Amino acid sequence: MSAELHLLPKSNTDFLPSVLNAIGQVLPSDKVLPLHQPVFVGNEWNYLKECLDTGWVSTAGPFVERFENMLCEYTGSKYAVAVVNGTAALHIALQLTGVKPDDEVLVPDLTFVATANAIAYTGAIPHLTDISRKTLGVDPKTLQVYLDEIGKTTNDGFINRITGRRIAAIIAMHTFGHPLEIEELAAVASEYGLTLIEDAAESIGSFYRGKHTGLWGKLSTLSFNGNKTITTGGGGAILTQDESLARHAKHLTTTAKQLHQWSFYHDQVGYNYRLPNLNAALGLAQLEKLEYFVEQKRILAKRYADAFEGLDGVTFVQEPPHARSNYWLNALILDSTHSQYLEPLLQATNDKGIQTRPAWNLMHTLPMFTSSPKMPTPVAEQMVSSLICLPSSATL
Ligand SMILES: *Cc1c(COP(=O)(O)O)cnc(C)c1O
């Protein structure tokens with residue numbers, strides 16, 4: 001039977017088999033397929049062995065600096081500070097932007113929980129925003145309309161007229177690696193006096209208007225968790241273009257210890273957030289292969305896009321205009337007329353060993369954030385009931 005026949009559902013009852021068939025055209029059928037798997041095809045063994053042979057495995061050693069330098073080289077960032085994970089990077093970024101307890105920080109309702117958690121660590125309050133259907137990240141235009149509606153600019157900053165609290169900052173998150181309209185958002189943030197932080201945990205290798213994501217934020221963060229595009233086992237980084245912020249980030253993440261040959265003098269409450277040399281060694285080897293991974297992932301995305309093209313009831317998520325996406329996670333969106341198929345599709349694929357996942361639960365539905373201020377989030381709600389992530393490893 002030709003593929004075309006499968007691609008034209010005669011009725012709604014043919015929908016599920018058609019989608020499964022399209023997925024089957026892209027993925028190998030003989031094994032369990034994780035959502036995202038790390039790939040080690042470079043210098044990983046060599047660099048890790050070098051750590052063991054030299055004894056430099058922990059919080060000092062040459063790979064941390066080499067990893068940081070290569071992050072700068074690849075992204076075009078002036079500074080990069082490697083840390084233990086992406087969540088810690090967000091925590092420090094928020095602290096360094098001067099976010100204080102009882103401030104509000106704008107953050108998408110649709111994100112991984114770490115983004116909102118980091119705001120809570122600082123004592124500030126997540127203020128939840130909707131996303132754009134086009135980019136799956138915050139929409140600068142609707143955000144601006146909303147800010148005009150609820151806020152006012154004062155000598156103390158931009159104040160939420162409903163809660164009376166200062167809205168200090170905004171965290172923009174590039175969902176599944178797709179760059180949001182970050183240049184336009186940066187303009188809105190600056191107009192309202194909000195500090196911009198980019199959570200680029202998912203978007204290493206993704207560019208907007210030719211510039212790497214994470215370069216618009218005053219501070220931005222990356223994650224190198226095992227499921228991300230490149231991994232250090234666990235790890236993250238802070239990017240900034242400001243030398244004193246970079247120095248401060250390094251200081252805060254290394255227990256705020258002043259350099260001295262023997263004295264333990266710490267000049268503030270610091271954190272033990274620095275990335276061990278072992279993890280940085282793994283990260284350097286991974287970073288050397290990043291362009292190869294992104295190329296592979298873009299080929300996979302193209303194959304998914306072709307397989308789903310012409311299939312009624314679903315849209316494959318493609319990179320937005322002006323963006324070059326790393327396609328960290330491939331996703332399908334069911335039309336609102338087909339959202340009843342979300343559960344059956346998740347069930348059928350997972351039963352076959354194809355690890356698919358729905359979107360995250362929205363932040364405002366989690367017990368610790370139910371009373372957070374929020375704008376209406378219809379697009380985010382719609383994604384929860386219609387979006388499904390597909391296996392996306394670079395080796396597929
Ligand atoms: C992975 C991720 C993080 C956190 O990264 P960790 O390294 O796991 O702490 C933060 N935000 C988003 C959007 C992520 O996907």
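Author: Rings of Phe, Tyr and Trp (its six-membered ring) count as a pair if their centres lie within 6.5 Å. Planes under 30 degrees apart are called stacked, those over 60 edge-to-face, and the rest tilted. The model discussed here is predicted.

Reader: How many aromatic pairs does a search of the whole structure find?

Author: A pair of aromatic rings is described by the distance of the centres and the angle of the planes. When the whole structure is searched, the number of aromatic pairs found is twelve.

Reader: Is the pair of Phe 67 and Phe 224 stacked or edge-to-face?

Author: The centres of the Phe 67 and Phe 224 rings are 5.2 Å apart. Their planes stand at 65°, and the pair is therefore edge-to-face.

Reader: How many residues apart are Phe 67 and Phe 224?

Author: Phe 67 belongs to helix H4 (residues 62-75), whereas Phe 224 lies in the loop between strand E10 (219-223) and strand E11 (236-240). Phe 67 and Phe 224 are both buried. The pair links distant parts of the chain, with a separation of 157 residues.

Reader: Is the pair of Phe 308 and Phe 316 stacked or edge-to-face?

Author: Phe 308 and Phe 316 are both buried. Their ring centres are 6.2 Å apart, and the angle between the planes is 20°. The pair of Phe 308 and Phe 316 is stacked.

Reader: Which residue forms one aromatic cluster with Phe 308 and Phe 316?

Author: Phe 308 and Phe 316 form an aromatic pair. The cluster that contains both also includes Tyr 304.

Reader: Which residue has its charged end over the ring of Trp 216?

Author: Arg 66 lies over the face of Tyr 47, at 5.4 Å from the ring centre. Over the ring of Trp 216, 4.5 Å from its centre, sits the charged end of Lys 211.

Reader: What stands opposite Lys 211 of E9?

Author: Strand E8 (residues 207-208) pairs with E9 over two bridges, in the antiparallel sense. These strands belong to an open sheet of three strands with the order E9-E8-E13. Strand E9 (211-212) and strand E13 (323-324) each have a single partner strand, so one side of each is left without a neighbour in the sheet. The residue opposite Lys 211 is Tyr 208.

Reader: Which residue of E6 is the bridge partner of Leu 106?

Author: Leu 106 lies on one face of E2 with Glu 104 and Pro 108, and Val 105 and Val 107 are on the other; both faces are covered. Three bridges join E2 to strand E6 (residues 167-173), and these strands run parallel. In E6, the bridge partner of Leu 106 is Ile 170.

Reader: Which residue of E16 is the bridge partner of Leu 332?

Author: An open sheet of four strands has antiparallel pairing and the order E12-E14-E16-E15. Strand E12 (314-316) and strand E15 (357-358) stand at its edges, each with a single partner strand, so one side of each has no neighbour in the sheet. Four bridges join strand E14 (residues 330-334) to strand E16 (residues 387-390). The partner of Leu 332 in E16 is Ile 388.

Reader: How far is a polar side-chain atom of Glu 202 from an oxygen atom of the ligand?

Author: There are 15 residues around the ligand, and Glu 202 is among those that come nearest, with Thr 87, Asp 199, Ser 223 and Lys 228. An N or O atom in the side chain of Ser 223 is 2.7 Å from an oxygen atom of the ligand, and a polar backbone atom of Gly 86 is also 2.7 Å from a ligand oxygen. For the polar side-chain atom of Glu 202, the distance is 2.5 Å.

Definitions and conventions: Residues numbered from 1 in each chain as written. Predicted model: local features only at pLDDT ≥ 70, side-chain atom pairs only at ≥ 80, totals over all residues. Heavy atoms only, no water. Pairing = 2+ DSSP bridges. Buried < 20%, exposed > 50% of the residue type's maximum accessible area, 1.4 Å probe, protein only. Lys NZ or Arg CZ within 6 Å of the ring centre and 35° of its normal. Near = heavy atom within 4 Å. Polar contact = N/O pair within 3.5 Å; in protein donor to acceptor, adjacent residues only side chain to side chain.
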